[in-house]
Amino acid sequence: MYTIFPKGITVTVFSCGLWLASACSSSNTGERLPILGEREVVHKVIDGNKVTDTLYHIIPDFELLDQDSTVVSKKSIQGKIYLADFFFTRCPTICPVTARNLLQIARHFEHDPRVVFLSHTVDPMYDRPYVLKRYATELGAPKNWFFLNGPKNEVYPLAGAEGYFSFAQENKDAPGGFDHSGAFSLVDTRFHVRAVYDGTQMDSIPKIIADIQLLLDKG
């Protein structure tokens with residue numbers, strides 16, 4: 001068994017056929033993607049005037065090592081749109097499928113410096129940077145795709161409601177010893193989550209590409 005989306009976390013799914021009545025139609029309307037997650041309305045006084053502002057969910061700070069042992073953080077990808085997911089190199093179930101699907105998307109944008117891809121291992125003890133490097137090379141991953149290693153107490157919360165609305169945990173009863181979501185989370189330049197997709201479905205690929213382009217064009 002594996003989990004595409006975690007129990008107890010409500011997200012808006014933009015995978016074709018899962019949310020839209022007419023598949024993939026939203027990207028063709030020119031409308032902006034919503035910002036997912038809880039939001040807080042705050043009232044403050046600026047220069048004597050009452051101002052109402054909305055605080056949206058943002059991805060928390062992180063510092064992780066990529067396949068070249070280079071630190072990747074919010075600062076290092078500031079101003080970029082990115083797609084995030086969770087995996088491990090010895091995964092016997094959904095990871096080969098999600099990797100193939102993500103590879104198509106990453107290759108589509110490999111020459112656009114405004115877009116990057118972050119894959120977080122849920123098995124950091126085994127998936128050291130040199131293992132991730134070998135995995136990325138064998139997969140044929142383009143240079144805009146970063147495979148990230150970090151401690152479980154940082155990566156697992158980052159996967160959940162505090163971060164990408166995904167899911168990751170160690171589970172000795174799960175295939176390979178880890179339970180994680182097959183979701184892809186789309187994040188904008190301000191670190192707001194704008195959509196979550198079922199990364200196991202090939203039908204999601206054109207929708208994700210269209211939505212990334214929509215963010216590039218309209219924000």
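How many bridges join E5 to E6? The count is seven, and the two strands run parallel. Here a strand is a DSSP run of E with at least two residues, a helix is a run of H or I with at least four, and both are numbered from the N terminus. Two strands pair if DSSP finds at least two bridges between them.

Before going on, note that this model is predicted: local features need pLDDT of at least 70, side-chain atom pairs count only at pLDDT 80 or more, and totals for chains, interfaces and linings use all residues. Residues are numbered from 1 along each chain as its sequence is written, and side-chain values use heavy atoms, leaving out hydrogens and water.

Let's stay with E5. Seven of its seven residues are buried (under 20% relative accessible area, with a 1.4 Å probe and protein chains only), so E5 is largely enclosed by the rest of the structure. Ile81, Leu83, Asp85 and Phe87 point one way from E5, while Tyr82, Ala84 and Phe86 point the other way. In a regular strand the side chains alternate between the two faces of the sheet.

Now look at the partners of E5. On E6, Thr121 stands opposite Phe87. On E10, Leu186 stands opposite Leu83, and E5 and E10 pair in the antiparallel sense over three bridges.

Step back to the whole sheet. It is open, with five strands in the order E7-E6-E5-E10-E11 and mixed pairing. Strands E7 (145–148) and E11 (193–198) stand at the edges with a single partner strand each, so one side of each is left without a neighbour in the sheet.

Methods. Buried < 20%, exposed > 50% of the residue type's maximum accessible area, 1.4 Å probe, protein only.
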